[in-house]
Amino acid sequence: MQKELTPPPKDFSAPDAVPKTKQILSAGYRSGNLSLGRLAVLRALGRIPAVSLEEPEHLIYFICPLAFAKTTSSSEPPPYKDYNGKDMVYLTTRVIVDYIANALSGRGTRVFEARIKSPNGTLLKDAEPIVSKGTWRDYGLDYEDITFEQIFADLRKPKGPKQEEEAKKHFLTVLAAGNVMLPAHEVPKEKPIRSGEGLRPTFPFVPYSAERSKVPHRTHSRLVFKEVCQPIYELRGLDTAFETLEGVRKALEFLHSVDWVYRDVSGGNVLRWGELGKLADLEYAKRLDSNTTHKVRTGTLDFMACEVKVQKYLFTDSNALDEDFMLEEQIPLPFKFNPLHDMKSIWWIATWILYYHVGEEGCQLSSDQTKCFRELFPGQLDSRTSAFLAPLTDVVLPISFQLPARIVSGMCHRLKIAYIACETNVPPVYADELEQLRSIFTRGLRSAIEQFTGVSLFRPPAA
C-alpha cells in the first residue's frame, strides 16, 4: 500500500511561507513510473515554489521522479521530411548512444538504430537499419546536412564529381533531416549548454571561456543517416583501428583541400563502416575564411590540440621545444584554428589506442603503463603540453604494442617540426608543412596496418 502524500499549503506568496517537505522519496518516487512520480510532486507541491539553498527539499522533491523514471526500450520520433518532401516515420529499435543526454546540460544528443515504417504503421520488410540522431543545435549554427552539402559543393568545383564521390565514402550519408516541431500548446524548452561531449562519460571535457558561458538558444533537430557504424573505441584489432584512422585522415584531407577545418576530432566521431573509416558530426566544421568565431566550443579534452585548448600559438619561437619557454607569458596573437590542429587530434587518438589498451584479455595495465597514460591524458588543462613535448615511452607497453608506438612517436616528432616551421609566420603558413605531414601520417598508419595484423586490443578490467 502506497503512502499518501500530504499536500503543503498553496500560498507561496511569502518566502518564509514555503513549507519544508516532510515526506521524501516515498513509493511514488521509487516506483520508476514517471506519471506516478509527477502526480506525487503535484500533490505535494500544488505548484513549483522558488527553491533556496536553505530549503533544498522542494528541488529534491521535483528531481526524484525524473531521476528514477524508467527509460523505454524503443520509441517513435516525430515524422521526418525526406529530400522529396515525403513524410518518413521510423521506429527506434536500439540505443547506440544516450549517455551524453543524461547530463543536466549539454546538446542532449541521442543516437538510435531505427527502421522505416510503412504508411500502415508496420515495419517494412527487408528494410536496412538506419541511424536516427537527435540533438539540440545552437541557434544560428548551420544544420549538419547543409554543412555536408556546402563541403561537397566546394569539392565539386575544383575536383569534379568523381573526387566528390570519392570523398563521400569517408562521410555519413544523410537520408533526412529537420527540426522537431512541437504542438502549439507546448512550450519549447531551452537545453542548457554543457562544456562538451565526447568519447565516453569518463573522459573530461574542455570548459568554455567566460565570454561563451551564457546559455544559448537551441533548436531540437533530428537527422537520419544511412550507415550504422562502429566507433573506433569499440574496435578490437590494432590494424582495423589504424585503418579507420587512415580513412578519417583521408576525410580531413578532402576537407583541408577546399579550406575547411573540422575542429572536433574525437574518438566518438571516428567511425568504421565495413572496411571504411568515416568522419561523423560536422556541426562545428568551418571554412577557414569564415568570419564567425573559430573557437572550438565542444570537444574531448584528451584529443584536442594543446593550442586550441589555450587559444594561442605555442611554437612561434625557435625555442618552442623548450618547455620553460613555452610556459612563459608570450605576446598574445590572434588565434585561429588551422588544419594542423585536426591532424594533431588524429595523433592523440592513435596514442590513446596504444596506452589505454592491453594485449591480452583479462590483463591489467602495468603500473608504468598506467603512469604514462595518466601523464598523456591527465584530464587537466594545464598538463597536456608537457605530455606532448616529452618523448613517448614505449617500453611500458605490451610487447606487441611497442613497435606501433615507435611509429606513432615518429608521427609526433614530425608534427612538432611542422608546428615550428608554420608558426615562424603569424598567421601560420601551413600549406607545405601540411602536405609533408600528411605523407608521414599516411606512411605511418599504413605501415602499422600492414605489419600488425592480428594484434588484438583489450580493455583492461575495471578496477
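Two strands are taken as paired if DSSP finds at least two bridges between them. On that basis, the predicted model contains an open sheet of 5 strands, in the order β3-β4-β5-β7-β6. The pairing in this sheet is antiparallel. β3 and β6 (174-179) stand at the edges. Each has a single partner strand, so one side of each lacks a neighbour in the sheet. From one strand to the next, the twist averages 30°.

The chain as a whole has 463 residues, of which 49% count as buried. Its secondary structure comprises 12 helices and 12 strands. Among contacts between residues at least 6 apart in sequence, 73% join residues at least 24 apart.

Strand β4 (residues 110-116) was examined within the sheet of 5 strands. Of its 7 residues, 5 are buried, so β4 is largely enclosed by the rest of the structure. On one pairing, β4 meets strand β3 (residues 90-97) in the antiparallel sense, over 6 bridges. Val-95 stands opposite Phe-112 in β4. Val-97 has Val-111 of β4 as its bridge partner. The other pairing is with strand β5 (residues 130-138). Here 5 bridges join the strands, which again run antiparallel. Glu-113 stands opposite Val-131 in β5. A helix also belongs to this part of the model. Helix α4 (residues 144-168) lies across β5, β6 and β7 (218-225). α4 runs at about 60° to β7.

A further open sheet is formed by 3 strands, in the order β8-β10-β11. Its pairing is antiparallel. The edge strands are β8 (230-231) and β11 (276-279), and each pairs on one side only. β8 pairs with strand β10 (residues 270-273) over 2 bridges, in the antiparallel sense. In this pairing, Pro-231 is opposite Leu-271 of β10.

Helix packing was considered next. Two packed helices are described by the angle between their axes and the distance between the axes. Helix α12 (residues 431-451) packs with helix α5 (residues 238-257) at an angle of about 160°. Their axes are 8 Å apart. The cut-off for roughly antiparallel is an angle over 145 degrees, so α5 is roughly antiparallel to α12. The crossing of α5 past α12 is left-handed. On the α5 side, the contact includes Asp-239, Phe-242, Glu-243, Leu-245 and Arg-249. Lys-250, Glu-253 and His-256 of α5 also take part. On the α12 side, the residues include Leu-434, Arg-438, Phe-441, Thr-442, Leu-445 and Arg-446. By class, this contact has 7 nonpolar, 3 polar and 8 charged residues.

Helix α11 (residues 399-422) also packs with α12, at an angle of about 175°. The axes of α11 and α12 are 10 Å apart. That angle makes α11 roughly antiparallel to α12. Among the α11 residues in the contact are Ile-407, Met-411, Arg-414, Leu-415 and Ile-417. They belong to a contact that includes Glu-433, Gln-436, Leu-437, Ile-440 and Gly-444 of α12. By class, the contact of α11 with α12 has 12 nonpolar, 3 polar and 2 charged residues. Phe-441, Leu-445 and Ala-448 of α12 are listed in the contact with α5 and also in the contact with α11.

The segment after α12 holds Thr-453. Thr-453 has a relative accessible area of 55%. The cut-off for exposed is over 50%, so Thr-453 is exposed. Thr-453 and Leu-238 are 215 residues apart in sequence. In space, their C-alpha atoms are 7.1 Å apart.

Leaving aside residues up to four places away in sequence, His-341 touches Ala-305, Glu-307, Val-308, Phe-335, Lys-336 and Tyr-419.

How values were computed: Residues numbered from 1 in each chain as written. Predicted model: local features only at pLDDT ≥ 70, side-chain atom pairs only at ≥ 80, totals over all residues. Heavy atoms only, no water. Helix = DSSP H or I, 4+ residues; strand = E, 2+ residues; numbered from the N terminus. Axes fitted to C-alpha atoms, helices over the stretch in contact; angles between N-to-C directions. Parallel < 35°, antiparallel > 145°, perpendicular 65-115°, else oblique. Left-handed = near helix turned anticlockwise from the far one by under 90°. Contact = heavy atoms within 4.5 Å. Nonpolar A, V, L, I, M, F, W, Y, C, P; charged D, E, K, R; others polar. Buried < 20%, exposed > 50% of the residue type's maximum accessible area, 1.4 Å probe, protein only.
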